[in-house]
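Okay everyone, thanks for coming.

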Amino acid sequence: MTSETGYLLDNRKREAGRRFDALAELFDPWTLGHLDQLGLTAGWRCWEVGAGGPSVPSALAERVGPTGRVLVTDIDTSWLMELSGPATGPIEVRRHDVARDEPPGDGFDLVHARLVLVHLPDRAEALRRMAGAVRPGGWLVVEDADPALQPLACPDERGPAEELANRIRRGFRALLAERGVDLGFGRTLPALLRGAGLHDVRAEGCFPLTSPACRELEAATVRQLRGRLVAGGLATEREIERHLDHLRGEGMDVTTAPLITCWGRRPR
């Protein structure tokens, strides 16, 4: 790990909003489908860890209703301000660093984090803290990427445009690795949840192969990282412009890293 650790994709940047929108379109139905299957309903107390954008917290609030609670935390809450105030019902937004701060309470029916732990230096400790905040009989749901499981931007590398996309994706993965990101983290979640004392552990993967949201997520990520890609000799400005131009059309099939969703119950 280099000395420059932390989240590579700075959520304070304008492109973060586009990334959040694309991630919501790609993964919210998958995420919420799993939470609904676990019995998420009115009156539940939920902790949404590292929420980033407002889509999942808003959906949780709709499900738990006025008798429930949704505590939404992140180290940067700037994209969550629309959730603050008396009109937002059961939602409370709080600045919190799950890697350093003690859990903001306990007895939660549900603790959920998506695409958070993979970026933390001590992922296992953060997960143990989250598991400790779950009430007996409650659920911890952790979702994280596994770029090493499927590392390509374009699995069907049928021409120069796809070859360029895959080379730029390799550059992105190199930047992540320099920051200490475990590119095979998603697959370790079941063992980590069992190690945190959870039972009934299950996991599934989501792998959208192509869609406008896939292309928008790729474009927003590349725009946000273009300076680092160029400075690191991983791509030229001209190559990045050519890649972004390809993404504006519909002819390129771009995918994401598989999202591994893992859940477990705290024993009663």
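This is a predicted model: local features need pLDDT of at least 70, side-chain atom pairs count only at pLDDT 80 or more; totals for chains, interfaces and linings use all residues.

**A walk through the sheet and its helices**

Let's begin in the sheet: strand 1 and strand 4 run parallel to each other, paired over 4 bridges.

In case sheets are new to you: strands pair through backbone hydrogen bonds, and the pairing can be parallel or antiparallel.

Now zoom out. How many strands are in this sheet, and in what order? There are 7, ordered 3-2-1-4-5-7-6, in an open sheet with mixed pairing. The edges are strand 3, residues 91–95, and strand 6, residues 199–206, and each of those pairs on one side only. Going from one strand to the next, the twist averages 15 degrees.

Next, the helices that lie on the strands. Helix 2, residues 55–64, lies across strands 1, 2, 3 and 4, and it runs at about 165 degrees to strand 2. Helix 3 lies across strand 1, strand 4 and strand 5, at about 145 degrees to strand 5.

Which of its residues are buried? Those are Arg123, Ala126, Leu127, Arg129, Met130 and Ala131. And what covers them? The cover includes strands 1, 4 and 5, plus helix 5, residues 189–195.

Here's a handy thing to remember: an α-helix has 3.6 residues a turn, so residues three or four places apart point the same way.

Okay, on to helices packing against helices. We describe such a pair by the angle between the axes and the distance between them.

Take helix 4, residues 160–178, and helix 6, residues 212–231: their axes come within 11 Å and cross at roughly 65 degrees. Helix 4 and helix 6 are therefore roughly perpendicular, and their crossing is left-handed. On the helix 4 side the contact includes Phe172 and Leu175, and on the helix 6 side it includes Val222 and Leu225. By class, that contact of helix 4 with helix 6 has 6 nonpolar, 2 polar and 3 charged residues.

Helix 4 has another partner, helix 7, residues 237–248: the angle is about 115 degrees and the axes are 10 Å apart. This crossing is left-handed too. Among the residues that meet are Leu164 and Arg167 from helix 4, with Ile240 and His243 from helix 7. The contact of helix 4 with helix 7 splits into 5 nonpolar, 2 polar and 3 charged residues.

Note on methods
Residues are numbered from 1 along each chain as its sequence is written. Side-chain values use heavy atoms; hydrogens and water are left out. Buried means under 20% relative accessible area, exposed over 50%, partly exposed in between (1.4 Å probe, protein chains only). Helices (H or I, at least four residues) and strands (E, at least two) are DSSP runs, numbered from the N terminus. Contact means heavy atoms within 4.5 Å. Two strands pair if DSSP finds at least two bridges between them. Axes are lines fitted to C-alpha atoms, for helices over the stretch in contact, and angles run from 0 to 180 degrees between N-to-C directions. Angles under 35 degrees count as roughly parallel, over 145 as roughly antiparallel, 65 to 115 as roughly perpendicular and the rest as oblique. A crossing is left-handed if the near helix is turned anticlockwise from the far one by less than a right angle, and right-handed if clockwise. Ala, Val, Leu, Ile, Met, Phe, Trp, Tyr, Cys and Pro count as nonpolar, Asp, Glu, Lys and Arg as charged, and the others, Gly among them, as polar.
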